[in-house]
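Here are a few friendly notes to read alongside the model. Please keep the sequence and the structure open as you go through the points.

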Amino acid sequence: MIGERLKKIEQQIEESCRRVGRDPSEVTLIAVSKTKPVSMMTKAYEAGARQFGENRVQELLEKIPQMPDDTMWHLIGHLQTNKVRQVIGRTRLIHSVDSVRLAREIEKESAKRGLVTEILLEVNVAREESKFGFFLEETEEALREISQLKHVRVCGLMTIAPFTADMEENRPIFRKLNQFFVDMKCKNIDNVNMAVLSMGMTGDFSVAVEEGATMVRIGTGIFSAR
Ligand SMILES: *Cc1c(COP(=O)(O)O)cnc(C)c1O
């Protein structure tokens, strides 16, 4: 079941790419396994998934030793500064950096360990009060500040679009973030590698891919409802 759902999502990503003339290899599927047992993750792994997304530090740390060593871990949920120390060196990418203060803490702990931690800046494009992230107009300044940190590398941007039954409603949000992403890429800021645009979840990933997503984060579409 999980393997079939994974394949179906991959096909849908390919179809979205084809519609807009993109190469499907530009899009990475993150299997969001939060709240789901390792037994289900193993099914996805056996079907080819290697990139997994978790939103809580505790759950991430519990699962890491239970999965094969080549599993790549993405932290996608809000990260408290007091938990940073525990995740440094464990993640492929932290998607949810939502303050300069948090980036500085990641810098401090990464420096102690002699590592460079790759991160994305979370942008609250729709300005929802319930969500974390920089507002779009704050993001460039934050990006420039964070780019000064030697043990942190910004690799792109992430957004969580509003929950909606009609994914077309989120198209303008994805388009806006992609425009900003391209704009920042063109500025060639030192120590910034604008390569990743993490946007699109089960309900809206087709539209996100059409609008330029390079990573989609899919939970329920693979593992069923939480
Ligand atoms: C849970 C979660 C997802 C996956 O959501 P689904 O609707 O289950 O695909 C993606 N991104 C973030 C940040 C999440 O917390």
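How far apart are the mean positions of the positive and negative charges of the protein chain?

1. Charges. The mean positions of the 33 positive and 33 negative charges are 4 Å apart. Lys and Arg count as positive and Asp and Glu as negative, with His and the chain ends not counted. Each charge is placed at NZ of Lys, CZ of Arg, CG of Asp or CD of Glu.

2. How to read the values. This is a predicted model, in which local features need pLDDT of at least 70, side-chain atom pairs count only at pLDDT 80 or more, and totals for chains, interfaces and linings use all residues. Residues are numbered from 1 along each chain as its sequence is written, and side-chain values use heavy atoms, with hydrogens and water left out.

3. Overall fold. The protein chain has nine helices and eight strands (DSSP runs numbered from the N terminus: H or I of at least four residues for helices, E of at least two for strands). Its radius of gyration is 17 Å, close to the 17 Å from the globule rule for 226 residues, so the chain is as compact as a globular protein of that length. That radius is taken over C-alpha atoms, and the rule is 2.2 Å times the number of residues to the power 0.38. Along the principal axes, the C-alpha atoms fill a box of roughly 45 × 40 × 30 Å.

4. Of the 226 residues, 52% are buried (under 20% relative accessible area; exposed is over 50%, partly exposed in between, with a 1.4 Å probe and protein chains only). Among contacts (heavy atoms within 4.5 Å) with a separation of 6 or more, 59% join residues 24 or more positions apart.

5. Cysteines. The count of disulfides (cysteine sulfur pairs within 2.5 Å) is zero. Cys155 is in no disulfide, and the nearest cysteine sulfur, that of Cys186, is 17 Å away, too far for a bond. Where do the two sit, buried or exposed? Cys155 is buried at 4% relative accessible area, whereas Cys186 is exposed at 59%.

6. Two backbone angles to check. Most residues other than glycine have a negative phi. Arg127, not a glycine, has a positive phi of about 55 degrees; this residue lies in the loop between strand E5 (117–122) and helix H6 (136–146) and is partly exposed at 44% relative accessibility. Asn188 also has a positive phi, near 45 degrees. Asn188 belongs to the loop between helix H7 (171–186) and strand E7 (192–198) and is exposed, with a relative accessible area of 63%.
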